[in-house]
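Student: I have a model open and I want to learn how to read it. Can we go feature by feature?

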Amino acid sequence: MESSFIQSYWSLLPPLLAIVLAVFTRRVLLSLGLGIILAALLLQHFSVTGAVQLVLSSALALFWSDNAVNEWNVNILTFLLLLGCIISMLSRIGATLAFAEWAQTRIKNRRQAKLMTGLLVFVFFIDDYFHSLSVGTICRPVTDRFNISRAKLAYLLDSTAAPVCVLMPVSSWGAYIIALVGGILVSHGITEHSALGGFLMMGSMNYYAIFTLIMVLLVIRGGWDLGAMARHEEAALKGSLFDSSKGAPPGVEDSSEQVGRVIDLLLAIATLTLVTVVGLLLTGAHALKQEGLEFSLLGALEHTNVGRSLVFGGVAGALVCVFGMVQQGVSLAHWRQTLTTGVKGMLPAIYILLFAWLIAGLISQLQTGQYLASLVQHSLPLFLLPAVLFLLAGMMAFATGTSWGTFGIMLPIAADMTMAIDAQLLLPAMSAVMAGAVFGDHCSPISDTTILSSTGAACHHMDHVLTQLPYALSIAVVSLIGYVALGYSSSVLLGLLAATLAFILVLVFWHWQQRRAA
């Protein structure tokens, strides 16, 4: 029997409970656990036995479902463990320390260290998971040397990863969205736009992604430490990269007893990157061949197996590190200690990720996203539709912790609504959904990309969430004004102009706030 709590306001309670508790208690696992228990109780009409059975079966489904291994989850967890071992081995052979010393001779100040972190997204843009973990590994020793807070590093990772990936057609995000858009265009008989052309036009109206990247450039330039970020930066400048009273963040500390070489780190990361990219293309090409389709770059990325490709890259990068360990003659005891340290360093992130996946699955069964989507069906002025879809997609991604899930639910709904009312608003409405999904994902403590960004930066998870929030909310206000103007005028240029003016006003407000606090 279907639960009466499905697709009702009750379905909002589990994610809200988890999020509110995480913010106020800073105990993420406890908060997610209580959210999971509440969701299971709602689905089982408060039957304790039924709820326990549901949680256990859902936990098992994270690893084994439909009589087969849950390949995506297992591959992501395997990649995290491999990356932890890679970081630990690079630390053991002194490569991490050598890179930090090498970079310090070429990177002369904090601005250049932040600039390096921001620009590396254009090397690792193929996938947001890949970017956050790999760039965090590379840049953390450098940002530590220049006393840049871990919270600032996590912000730079998170606020460049998804916004760049969602704008790039040649990325895992781009391929997924292009596939969704292509299906929508076909279902509505639209021929004046190709899937790729529609995606590129939507990118020009994705105000959240555009202005988030502009904000990142201002943060790199310096002087824009909003809200709690200012406290973390002040502490970092005094030599404290995180508040020790809250516990050290997950990560692998430097245990090197060797004089390392920069080339060891560069070779390991380059191998990881190259093999991952090749894996993306090969797994995509294999899928195309199985479906009898001709090879194309976008087609391969649309059909690729991201998780499997990350594991291929992780194994290749780990083998390079193993070779470095063998060259240095690391003792058997140190081998065991190094690998154990690498695995332990990733366990906090893995625990949070498992709990986040578990609550996301239960929230999906409660149909929280569908309930939020139904709220927009009520009558509202037509010109407000893009703005309302932006907010709704943001709420959905915030509550469910997934931007991809929000894309899958909200893009078809946005298309159906606009085609029934005004076909000219189709692309603006879908671009608003894309922007809102990234915004909600940036704000949500249960988002996997937020979790992995804090992991890549070795930052306390809630420190990252709370320090990124003022930036995300500020750009959301900018985006909202842009979408109101876009819906009213049906002009991309006027929408962008309104968003730009709003962005300037937001900067003025924060400058005034900083002067008051000084």
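Student: Which element gives the largest share of the lining of the second largest cavity?

Tutor: This is a predicted model, so keep that in mind throughout. Start with the general idea. Rolling a probe the size of a water molecule over the atoms shows where empty space is left. Now the case here. Helix α22 gives the largest share of the second largest cavity's lining, with 4 residues. The elements that give two or more residues to that lining are α8, α11 (207-221) and α22 (461-489).

Student: Which residues line the second largest cavity?

Tutor: The lining is made of Y155, S159, Y208, T212, M215, H442, Q468, Y471, A472 and I475. Sort them by class and you get 6 nonpolar, 4 polar and no charged residues. The volume of this cavity is about 40 Å³.

Student: How many cavities of 30 Å³ or more does the structure hold?

Tutor: It holds 2.

Student: Now pockets. What volume does the largest pocket have?

Tutor: A pocket is open, while a cavity is a space the probe cannot leave. The largest pocket has a volume of about 780 Å³. Its lining counts 37 residues, and the closest to the centre are W357, A360, T402, G405 and D448.

Student: Which helix supplies the largest share of the lining of the largest pocket?

Tutor: That is α16, with 9 residues. Several helices supply at least two residues each, among them α3 (48-61), α4 (71-92), α16 (332-366) and α19 (403-421). By class, the lining of the largest pocket has 16 nonpolar, 17 polar and 4 charged residues.

Student: Which residues of α2 are buried?

Tutor: Buried means under 20% relative accessible area. In α2 the buried residues are V28, S31, L32, G33, G35, I36, A39, A40, L41, L42 and L43.

Student: Is F46 buried, partly exposed or exposed?

Tutor: F46 has a relative accessible area of 44%, so it is partly exposed.

Student: What is the phi of N67?

Tutor: N67 is not a glycine, yet its phi is positive, about 60°. You will find N67 in the loop between β1 (64-65) and β2 (68-69). The cut-off for exposed is over 50%. N67 has a relative accessible area of 71%, so it is exposed.

Student: Which backbone oxygen lies 2.6 Å from a polar side-chain atom of T160?

Tutor: The backbone oxygen of L156. T160 is placed in helix α8. With a relative accessible area of 2%, T160 is buried.

Student: And S309: buried or exposed?

Tutor: At 0% relative accessibility, S309 counts as buried. S309 belongs to helix α15 (residues 306-327). Its side chain is joined to that of T283 by a polar contact of 3.5 Å.

Student: Last one. How many disulfides are there?

Tutor: The test is a pair of cysteine sulfur atoms within 2.5 Å. By this rule the count comes to 0. C139 is buried, with a relative accessible area of 0%. C459 counts as buried at 3% relative accessibility.

Conventions
Residues numbered from 1 in each chain as written. Predicted model: local features only at pLDDT ≥ 70, side-chain atom pairs only at ≥ 80, totals over all residues. Heavy atoms only, no water. 1 Å grid on protein atoms, 1.4 Å probe; cavity = no way out; pocket = protein on both sides within 12 Å on 5 of 7 lines; lining within 4 Å. Points joined across faces, edges and corners; volume = space filled by probe spheres on them. Nonpolar A, V, L, I, M, F, W, Y, C, P; charged D, E, K, R; others polar. Buried < 20%, exposed > 50% of the residue type's maximum accessible area, 1.4 Å probe, protein only. Polar contact = N/O pair within 3.5 Å; in protein donor to acceptor, adjacent residues only side chain to side chain.
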